[in-house]
Structures are given as C-alpha cells and as structure tokens.
Amino acid sequence: MKAETTTRKQSKETAPSEGLSHRQEAGPNRTCILVLGMHRSGTSAITRVLSLLGASLPKNLLGAGPGNPTGHWEPERLVHLHDQMLREAGSRWDDWRPFDPEKLGAERLEHYRSEIARIVAEEFDDAPLFVIKDPRICRFAPLYESILAQAGIASRLVLPVRNPLDVSASP
C-alpha cells in the first residue's frame with residue numbers, strides 16, 4: 001500500500017500537467033533582462049556588458065551624449081513612450097513619489113500596455129535573450145513584468161549598486 005502511494009506520487013510529479021501546452025510546461029523560451037537603476041549608477045555599463053555576453057539590444061538606440069560618449073544603450077522609442085506615459089500620469093522620471101498607473105485610467109493604461117508590448121516585439125523580434133535599460137522603468141517595473149509575462153517572456157531584474165556620492169559626482 002505504501003509503495004503504491006509512492007508510485008502514484010512519483011508519476012504525478014513526472015507526468016505532464018493536463019491542460020497545459022508544451023510551452024507552459026517548459027516555461028518561457030525567451031528572457032528579458034530589465035536593467036533598473038537611476039542615471040549615472042552604472043546601468044549603461046552593465047547593459048553594454050550584457051549585450052557583449054549575448055543579450056540583444058534594441059534596434060533603435062538612444063544616441064550617445066556628453067555624459068555617455070559610447071551610448072546609453074536605451075531603446076529610443078520606449079524612452080519617448082515612457083516620458084509620455086509619466087507626463088500623462090502627472091509624473092516624471094525623477095519624481096520621488098510612487099508611480100500610480102491607475103492615474104492613467106483603464107483605457108489609457110491598456111493603450112500603454114499594448115504600445116510597450118508592440119514596441120518590444122518590433123525592437124527585439126524573436127531574440128531569445130534581450131536587455132532593456134531605461135532608468136524610467138524603475139518607476140513601473142511591475143507593469144513591465146506583467147506585460148512580458150503576458151507575452152510569454154520571462155523577466156530578470158538587474159539592479160546595479162553604486163555609491164550615491166559617486167553617482168552625484170558623476171558628470
């Protein structure tokens with residue numbers, strides 16, 4: 001009797017779950033690395049290293065600037081969309097208050113969810129591993145995790161840590 005229970009238990013653990021597709025059983029076959037952190041905290045350097053290790057960058061990158069001559073490695077189209085979304089919600093990238101997506105209203109929030117999903121799909125095609133870096137995402141990382149999960153993409157978060165004095169002294 002005890003052996004039968006053990007056998008049944010083992011077969012349940014190893015048998016595929018009924019009603020789940022192969023993709024759900026195996027888990028997502030794509031992964032997005034979200035690099036979170038404020039400006040000058042090392043997010044650009046980490047994003048570039050991740051890309052050199054094989055993570056795809058977006059097709060349309062935000063250009064280099066005086067403070068970052070090699071580039072920011074940010075998806076230009078998403079940066080503009082993030083600014084628009086924050087502005088519409090009465091916020092900004094440097095607002096210290098928590099971002100409340102409900103301020104957008106259900107219809108506008110759904111619009112932004114769709115736009116983010118569409119732009120991610122266009123910028124990264126079917127890349128199995130890709131990296132998105134934009135300091136604004138710190139304001140709404142749970143929104144991104146939800147959008148990516150809905151698309152069947154696993155998300156991994158990277159948060160670089162740099163001494164705040166070094167951050168504030170960085171040009």
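This is a predicted model: local features need pLDDT of at least 70, side-chain atom pairs count only at pLDDT 80 or more; totals for chains, interfaces and linings use all residues.
Residues are numbered from 1 along each chain as its sequence is written, and side-chain values use heavy atoms, with hydrogens and water left out.

**Overall layout**

- The chain has seven helices and three strands, taken as DSSP runs numbered from the N terminus (helices are H or I with at least four residues, strands are E with at least two).
- Going along the sequence, the order is α-α-β-α-α-α-β-α-β-α.
- Of the 171 residues, 37% count as buried (under 20% relative accessible area; exposed is over 50%, partly exposed in between, with a 1.4 Å probe and protein chains only).
- Take the contacts (heavy atoms within 4.5 Å) between residues at least 6 apart in sequence: 74% of them join residues at least 24 apart.

**The largest pocket**

- The largest pocket holds about 190 Å³ of space.
- Its lining has 13 residues, and the closest to the centre are Arg 40, Ser 44, Asn 68, His 72 and Lys 133.
- A pocket here is an open set of points on a 1 Å grid over the protein atoms alone, where a 1.4 Å probe fits, with protein on both sides within 12 Å along at least five of seven lines; lining residues have an atom within 4 Å of a point.
- Points are joined across faces, edges and corners, and the volume is the space filled by probe spheres set on them.
- Helix α3 (residues 43-52) gives the most to this lining, with three residues.
- By type, the lining splits into two nonpolar, seven polar and four charged residues (nonpolar: Ala, Val, Leu, Ile, Met, Phe, Trp, Tyr, Cys and Pro; charged: Asp, Glu, Lys and Arg; polar: the others, Gly among them).

**Helix α4**

- Helix α4 (residues 76-88) has 13 residues and runs 19 Å from first C-alpha to last, close to the 18 Å expected (1.5 Å times one less than the number of residues).
- Buried in α4 are Leu 78, Val 79, Leu 81, His 82, Met 85 and Leu 86.
- These residues sit on the same side of α4, because they cover an arc of only 165° around the axis (from the directions from the helix axis to the C-beta atoms).
- The buried residues of α4 pack against α5 (106-124), β2 (129-133) and α6 (141-150).
- After α4 comes Gly 90, with a positive phi near 75°.

**Ser 168**

- Ser 168 belongs to helix α7 (residues 164-169) and counts as exposed because its relative accessibility is 60%.
- Ser 168 and Ser 41 are 127 residues apart in sequence, yet 9.1 Å apart in space, C-alpha to C-alpha.
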